[in-house]
Amino acid sequence: MLIGVIADDFTGASDIAVTLSKGLTGEGGLRTTQYLGTPSQPAEPEVEAGVIALKSRSIPASQAVEQSLVACEWLLAQGCRQIVFKYCSTFDSTDEGNIGPVTDALAERLKADRVVMCPAFPAMGRTLYQGHLFVHGKPLNESGMEHHPLTPMKDADLRRVLHKQTRHRVAHIGWQKVAQGVEALRQALETPEPHETTLVLVDALDERDLQTIGEACAGLPLLTGGSGIALALPRNFIVKGLARGHCAGVDGVEGPEAILVGSCSGATRGQIDEHQKRHPVLMIEVKDVLGGVTGPDELVAFIQAHQGKRRWSILPARPSR
């Protein structure tokens, strides 16, 4: 295994697993396997990238650190040469963490002096400029994320956000330096005082920037960010002859389909609104599940009632408001 990813939730783990599997257009990616939690057995020998999906985003910071370190040890035991800590592209966290504490712990375990941090995911409208995170052009704290029930994001300046969470120095590299290319960025990453662990927020406005960042991070033991941070990581190992570039295929499956959705984000709600114009939708309230109003029988009845009428059914699960 070449790359090991520690993701703080399942959907984010899926995103970055796809990114590593695809790689750059025309080059291919790495043979990637996603794991639900830290495995108890060694990985298959053909796996080149392993993605461990934790559920550590909103648990107490001490538990998130503990689980992440366990995952890191397993990945290192599989031979990983680089560890990626994957968190949400909207930097979902509180003043106590968990992004800062987990990054600190991983940096200390891996003896990483420089840790690049870039949550940008331009394909989804998330960009980082002058250390400020934007969502579809709006500052993070005006994007709707300020109302998140668990991790309300009330400051778009990630330097200030991170300062509250970490014991280490926080630095920033602006987009103007990233635009100068891989070598310029690599040199900029080497400028802080040696032997002082530094968390470096790096701007990115589009996928070219993410590719530059990924190539500049070749050889770094640890980097962190959203799914986009992994865009060029397979190339680093392909050019060294350590991987050949794998083009994953998907075998189609015929039959009825159902989509289960557990997100209440604005983007997800918009997708559901569009989907239900042509397909049946069943909304599930947590209070109804806990109260015994909605259970397996109701779900099966909904599916049977619509079977053969439409191609898809969608069952979004949402927290009670």
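**Close-up 1. Strands S6 and S7 of the predicted model, with the pairing of Arg126 and Val135.** Arg126 has Val135 in S7 as its bridge partner, and strand S6 (residues 126-129) pairs with S7 in the antiparallel sense over four bridges, where two strands pair if DSSP finds at least two bridges between them. Helices (H or I, at least four residues) and strands (E, at least two) are DSSP runs that are numbered from the N terminus. The two strands form a hairpin with two residues between them, and in this turn Gln130 has a positive phi of about 50°. This is a predicted model in which local features need pLDDT of at least 70 and side-chain atom pairs count only at pLDDT 80 or more, whereas totals for chains, interfaces and linings use all residues. Residues are numbered from 1 along each chain as its sequence is written, and side-chain values use heavy atoms, with hydrogens and water left out.

**Close-up 2. The open sheet S6-S7-S8.** Three strands form an open sheet in the order S6-S7-S8, with antiparallel pairing; S6 and S8 stand at the edges, each with a single partner strand, so one side of each is left without a neighbour in the sheet. S7 is joined to strand S8 (residues 138-139) by two bridges, the strands running antiparallel, and Phe134 stands opposite Pro139 in S8. The hairpin of S7 and S8 has two residues between the strands, and His136 takes a positive phi near 50° there. Buried means under 20% relative accessible area, exposed over 50%, and partly exposed in between, with a 1.4 Å probe and protein chains only.

**Close-up 3. The packing of helices H6 and H7.** Helix H6 (residues 182-189) and helix H7 (residues 207-216) pack at an angle of about 55° with their axes 9 Å apart, the axes being lines fitted to C-alpha atoms, for helices over the stretch in contact, and the angles running from 0 to 180 degrees between N-to-C directions. H6 and H7 are therefore oblique to each other, given that angles under 35 degrees count as roughly parallel, over 145 as roughly antiparallel, 65 to 115 as roughly perpendicular and the rest as oblique. Val182, Leu185, Arg186 and Leu189 in H6 meet Thr212, Ile213, Glu215 and Ala216 in H7, contact meaning heavy atoms within 4.5 Å. By class, the contact of H6 with H7 has five nonpolar, one polar and two charged residues, where Ala, Val, Leu, Ile, Met, Phe, Trp, Tyr, Cys and Pro count as nonpolar, Asp, Glu, Lys and Arg as charged, and the others, Gly among them, as polar.

Close-up 4. The buried residues are Asp209, Leu210, Thr212, Ile213, Gly214, Glu215 and Ala216. What covers them includes strand S5 (114-118), helix H5 (175-178), H6, strand S10 (198-202) and helix H8 (233-239).

**Close-up 5. Thr268 in helix H9.** Thr268 lies in helix H9 (residues 266-275) and is buried, with a relative accessible area of 11%. Not counting residues up to four places away in sequence, Thr268 touches Val261 and Ser263.
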